[in-house]
Every structure is written in C-alpha cells, then in structure tokens.
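Trainee: I would like to go through the labels on this model one by one. Please show me the value behind each.

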Amino acid sequence: MAQGTVQVTHTGTSRWRRRTGEYASLAAALEAAADGDVLTIAPGTYRENLVLQRAVTLRAPDGSPGSVRLAPADGVPLTVRASAVVQDLHIEGQDAAAPALLVEEGTPELTDLRIVTRSAAGIEVRGSARPTVRRCTVDNPAGLGIAVLDGGGGVFEECEVVAAGQAGVAVRGGGHPRLDRCRVHHASGTGLSATGDNSALEAVGCEIYEVRGSGVQVTGRATAHLTDCDVHRTDADGVTLDTDAVLTLADCRIHDIPENAIDLRSRSVLTLTRTTVRQFGRNGLSVWDPGTRVDAHQCEIFDSTGDYPAVWVSDGATAVLDSCRVHDVPDALFVLDRGSRADVVDSDLSQVRNTAVSVSDGATAQLDDCRIRDAATGAWFRDHGSGGTLNNCTVDGTQTGVIVTKGADPTVERCTVDSPAEAGFYVSAGGRGSFLNCRVTNSGGYGFHVIDGCRTTLRRCRTERCARGGYEFADAGADAAPGSGPVAEDCSSDESAGLRPTPPPVAETAVQTAGGSPGLLGAVPEQRVTFAEPLVAVAEADEPVRTSQDVLGELDALVGLESVKREVRALTDMIEVGRRRQQAGLKAASVKRHLVFTGSPGTGKTTVARLYGEILAALGVLEKGHLVEVSRVDLVGEHIGSTAIRTQEAFERARGGVLFIDEAYALSPEDAGRDFGKEAIDTLVKLMEDHRESVVVIVAGYTAEMERFLSVNPGVASRFSRTITFGDYGPEELLRIVEQQAEEHEYRLAAGTPEALLKYFTAIPKGPAFGNGRTARQTFEAMVERHASRVAQVAEPSTDDLTLLFAEDLPDLP
C-alpha cells in the first residue's frame, strides 16, 4: 500500500485557524499542527518514525480502522511525549532493541491500536507518562508485550496481548499501571510480572492463560493487587512471589496449573480473599522461608491433579486459613520445620485421600472450630518438637482420627472423632499429647489407643460405641522408666459395643489420678496393658493345608542354616504352647511374631520367610500364610502422600500372611534428609500395631546395615521380637546345593567333580556380588550349559553322556 496524504484540521479559536490542509508526509503534517489539531491519515503504509510532542489527535479515516500502517525499517515507529490522542492505527516495528510504541510523557489516549511487531516491547511506558490505553492489541513474539518502566503508569482498558516472546506485561523500576478487563495469553515468559522497589501492578477483571512461565510473578519488593482475575493453563506456577513481594488476590480464580497454583518465598506476603484454587499438579498453596506469610479468607482449594499436599508450609513460614475449604486432594495441609506455623479457623478439610493435617520437624499447627471429613488420617503430629492445638474440631469418617508419634506433643481440646475405621486417637513411639474433653464415637477400633508407654494425658474424655473398646494402653516393655505411661483422669466409656472377652487383669501402665465424678469407667481402672495373642480361626481352604510339622520338615531339609532352624523351631514352639495354654483356659505369653532377618544375599531369607508364614497358617495364627515380598521401590512414592498409599496397599495385600521387606535399611538411608522412606516407616509402625493379629512383618538385609536401621529407628526395633542371622554358606554347603539341584534335574556328578566343586567354591571371591545359594544354583546352570555344548557334538550319546557332569563343565572363576 503506497503512502497517502495527511489531512490536518486546525482547530484554533480564531476563524482564520479553522481550516484544513493536506500534507504529503506525517512529519510535515506534525510540523504544521498545533495543540488540539486533528491529523487524519489517508490509508496506506508510512515508513516514518513519528514523535508526537503536541497534544494533537492522530487517527485513521472514519470507517477505516486498521487501514493506516506505520512501519519504518528500524527504530521506534511511534513515540508519544504529549497528551495526544492516537486512534485506529496499525503499528509495525522491526527493531529488536526498541519498542514499537514508546510513551515517555503526558497523559495521552491510545485507542483501538493494533501492534504487530518483532520489537523489544509492543508498548513501552516510562518516566512521567500516564497514558490511557483502550482496546489495543499487541502481537509481539520477539519481546515483551507491554512494559511499564522507570516510574511510568497509566490505565490499560480491554487490551489484549495475543503473543509475547517474553513476559506479557512487565512492570519494573517503580512502574505502576492498572489493567482493567485485559487479556494476556500465549506469552513465552510470565503472564504478568512486577519486580523491584516501588513497582506496583493492579489488575481488575483480567485473564491470564496459555503462558509458558508463571501466570503472575511478583518479586524484589514489588506489590500487586488482582481482583476478579483468572489465571489458568500455565506451564509453570500459577502465581509466584519471591523476595519481599506483596500480593493481594480478591475474588480470583487460579486453575488448570501443572505446577504450584501459588508459590511464595523469601519474606513475601500474600492475602487471599474469596479466591478459588483448583486443578493444580503440585501444591495449591506453597509457602516457604521465615517471614513469608499467607492469609486466606473464605477461599477454596480443591481438585488436585497430582500427589502433593494442597497447602504446604515449611522452612519457618506462616499460613492462616480462615473460613476456607480444602477438599478432593491427596493431603490437605502439611506444616514442616521449626518455626513454621499454620492457623486454621472455621474451615473444612474433606475428601482427603491421605492426611488432612500433617505437622512435622518441629512445626506448629493450630486448628479452631474446624471440620475434617473423609480422610485416611485426620491429623498427624509426627515427631519431636511438633505440636500445636486442635480446639473444638470435629473429625468424621477417617481411618484414624488423630495420630501422635515420636515425641510430638499437641494439645487437643473439646474435639470429637466420629466413625473412624480404626482408632479415634492413636499415640505411639514416644508421642505425648494432652487430650481434654475429647470424645470418640462409633470407632471400628479403639477410642483411644496409646502404646509404647507414651506419656499421654487424657482428662474428661469420653468414648461411645467403640468396637474394640474405649481405651487401650499397651505396655512399654520391661525397660520402661518408673512412672511412665499415660495419665487418664475422669474419663468414661459406655463399653457397649462388640468388646472382646476380658482376660484376667495384669499390671497397669495408666497412672491413676484422683478425679471428680468417675463416670462409667472412673479413672479407667480396668484397662489392660497387654492381651494374650488371640486365636485366629483358620479359614477353610480349597486345598488341604500342610501341618506345621510338614512345613518344619521342609525347613529341616534345607542345606545348612542350623541356627536359623533352631530359632524358627523355638518361636514355633512358643506359639504352639501358647495356643494350647489358651485352650486350657490359662494365660499365654504375648509373642511378637514380627522378625528381623540379617545376612548376605542368597542365604535363604526369602525361603524361610515363606515357610514361616505357612507354619503360622498351620498353627491357626495367620489366616492364609502367603508371602508378599516388597522392597523400597514398592513402598516409597515420588511425592508426599503417595508413600503412605503404597505402603498401605502392600500391607493390605499381605493381610492374613507375611509382608517380607527386603533390604529394609534402604527405607532409612544415612543421608535421609527429607527422604520419603521415613513416611513408609511411620506408616508401617502404625499398621503393624493396628493389624498385629493379621499380618506378620519380616524385614531383611545385610547384617551391618540392618543393625544401623534398627538403631536409628527405635520405634521400628520395638515391634520385632527377635533377629535371626543367616550365615554365609561354606564350600561344603554350596556343594550340597549343587548336588540337590543335580538330583532334582536328573543329572549326576562324575568322579572327581565334587572335589573340583569344593575347590571352586573355596576359591570363588566372596565380595558384595557373591550370592551364596544363588551362586551355587548359577554354577549348576552354567555346568548344564557347558555339558549341553559338549554332548551336542556326540552323534549317539549314551545315558551317561546325557547325565554326567564333569569337572571340565565348571565355569571359570569370576
């Protein structure tokens, strides 16, 4: 399109100034124009670099928007330094070092402009400029969409950034624009970005989507305020705050985010009001570092698409949730690290696949007047220094209501746990806690289950309709310190539903204290420390079950393992005699059936575990006796919360049998840090106690590593009755394994071959790769292969040719 003429309508008050002139170029027209004049540009393409320094109007002809193209070869196509009006122009820039439209001074009005460019920025506002930009479109795949810099400001109304090679809107150096009903999408960087001292961004009714970076990013002491905005379909976090940033989100919607919906760090402060966060791949709200704080009021966080907690508070940060809803998530709230704190008031946490509230590593959580529903665990205070308060909360429809472990010490007041599948309140492994005026109803297990002699305090607590009993205080063992154990004062229970027969009372660990009205249980005088192992009826099987003697016979037939056989027989005898004493109406010693197997690979640990399960099934102790073998990879997930699910699933598969965990020490590596193996161990400890009558757990691994594993995890060590060591096989025992393999497969060892095998097994390296019985079997298989290669060359082999293995068939030493 050729360049056309420019008509200048002079609007002076004098009659002689009210006239119209035509000019061949924009530069000439601007030179002739004065403040208030209107420059109407004929359709065409203008290769000029314009600078507006007067308050003129620059526009396309009526009815021809977009017909005027301003497209110089380089430089800034249009620079505005006055309170001018620019309408209906199409601006194109080609200079990667300059903006397409630069506003440096004044309060111009820019309306219905279309900027299609490959410039440093589509629109750049700087200095004292305060433009009003309406219905403008920026398409700049090479640089920034809109940049407001160095103290610039202005209002952008109904504008759209349709593409940007960097940020859609960038505010730096004290810029402070307002965006009203704007759309920013298809940016290769951040959607909206504000950074630096005194930089501020206000957005109302805007939509940010389809961006490759964060939807909104506020950093370096900048501030931003978003109202009624949508942020969705980003490649990175939805909203990011860092380094003393301040952001307010009111009535906003953050959704369809693959990473964190909102992430804030380094002393940033976020205020959320009536905002919804949904469909996020990591955390809905992620809060890190001392001084970082989020205040959420009447917000909703839900519908997670990943395996992470909805709200994550760590490294000394603070979160406040007031009248909020968190639901349909893997975990609702995780608070980690000393100095971290979460305050949750009048909020609902529901439809949580794992743990609604988790407090660990010295963090604190306070929940007041909250409702937790439909979660695997209502609240879990995990370890030493972790605590806080649950006050006037209800926990409904969980597996376990509240768990306290490993020295955690929360205060739980006036809380109700209704219909837990297992315990209402569960305390173990040195957990403490004070439970005041709490109530458990309709529990599928115990109301209050306190084990390991934990120094838990219960005052004026009440249980109703608990299937296994209102209270269970399990023994801490012979090494417990005097006066240890729970304190129960003025607690009561209806004890009306499905209680098992009460054996003769034994020594109590509950410390009895004087109280007021004792209620039905008084100070819980009848609670038992331990119970005899109940007899589990053997389910009728489709196939005949072998007797324990039959299985022990198979155990005896194994090569070597003499000390192992003695240990298993002694344990079997204890269980068998206990069963007979129960049948005679006598008390039976409580036998912990969980075992530790230590030794090198290939020493028969898995085989013995399988036989042990079958023995327990034959004795009626286990329902099935089957073996489920797992290792770290089967139990530990990649994300927080997924480990508990995997561990529970493995435990469920082993129900009625043996769960065999090979290389169990890998769950607690020496440099564990925040390794998720800790979560697997914590889950196992609880499940082993809750289901001690239906699953036997055997942990196995190298001797030295297993000793370390048990020493650093005393809660685990206390669950196992004994350690059985599997010694390495000697050369003679390895020879016997080869002889058994040969007999089973109808081969024979020729004269001199046994002696050659003894020398071979004596000389074979016994390093970490040595597999004991596995090495013997592999040796036999190698001999069979060499035999086949040799005999294949014989035209008509005899029976001896087909069955005899010679010394020459031995493989080379590794």
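**Labels and the values behind them**

Mentor: The charged end of Arg382 sits over the ring of Trp380, 4.0 Å from the ring centre. Keep in mind that this is a predicted model.

Trainee: What makes the charged end of Arg382 count as sitting over the ring of Trp380?

Mentor: Distance is one part of the test: CZ of Arg must be within 6 Å of the ring centre. Here the distance is 4.0 Å. Direction is the other part, within 35 degrees of the ring normal. Lys686 is placed likewise over the ring of Tyr426, 5.2 Å from its centre.

Trainee: Now ring against ring. How many aromatic pairs does the structure hold?

Mentor: There are eleven aromatic pairs. Take Phe425 and Phe435, with ring centres 5.1 Å apart and planes at 65°.

Trainee: Why is the pair of Phe425 and Phe435 called edge-to-face?

Mentor: Centres within 6.5 Å make a pair, and planes over 60 degrees apart make it edge-to-face. The values are 5.1 Å and 65°, so the pair is edge-to-face.

Trainee: What does the pair of Phe425 and Phe435 tie together?

Mentor: Phe425 is in strand 51 (residues 425-428) and Phe435 in strand 52 (residues 434-436), so the pair ties together parts that are ten residues apart in sequence. Ring pairs also link Phe425 and Phe435 with Phe448, Tyr471 and Phe473 into a cluster.

Trainee: Are Phe425 and Phe435 buried or exposed?

Mentor: Buried means under 20% relative accessible area. Phe425 has 1%, so it is buried. Phe435 has 0%, so it is buried.

Trainee: What kind of aromatic pair do Tyr747 and Phe780 form?

Mentor: Tyr747 and Phe780 are edge-to-face, at 6.0 Å centre to centre and 80° between the planes. Tyr747 lies in the loop between helix 10 (731-744) and strand 66 (748-749), and Phe780 in helix 12 (residues 773-791), so the pair ties together parts 33 residues apart in sequence.

Trainee: Why is Tyr747 called partly exposed?

Mentor: The class runs between the buried limit of 20% and the exposed limit of 50%. Tyr747 has 21%, so it is partly exposed. Phe780, at 4%, counts as buried.

Trainee: Where is Asn391 found, and what is it in contact with?

Mentor: Asn391 is in strand 46 (residues 387-391). At 16% relative accessibility, Asn391 counts as buried. Leaving aside neighbours within four places in sequence, Asn391 is in contact with Leu367, Asp368, Asp369, Glu413, Arg414 and Cys415.

Trainee: How do you know that the buried residues of helix 2 line one face?

Mentor: In helix 2 (residues 548-557), the residues Ser548, Val551, Leu552 and Leu555 are buried. Down the axis of helix 2, the buried residues fall within an arc of 100°, so they line one face. They pack against helix 3 (562-583) and helix 4 (605-618).

Trainee: How much space lies in the second largest cavity?

Mentor: About 60 Å³. The count is five cavities of 30 Å³ or more. Helix 7 gives the most to the lining of the second largest cavity, with three residues. Its lining includes Ile661, Phe709 and Phe720.

Technical notes. Residues numbered from 1 in each chain as written. Predicted model: local features only at pLDDT ≥ 70, side-chain atom pairs only at ≥ 80, totals over all residues. Heavy atoms only, no water. Phe/Tyr/Trp six-rings, centres within 6.5 Å; stacked < 30°, edge-to-face > 60°. Helix = DSSP H or I, 4+ residues; strand = E, 2+ residues; numbered from the N terminus. Buried < 20%, exposed > 50% of the residue type's maximum accessible area, 1.4 Å probe, protein only. Contact = heavy atoms within 4.5 Å. Arc of directions from axis to C-beta. 1 Å grid on protein atoms, 1.4 Å probe; cavity = no way out; pocket = protein on both sides within 12 Å on 5 of 7 lines; lining within 4 Å. Points joined across faces, edges and corners; volume = space filled by probe spheres on them.
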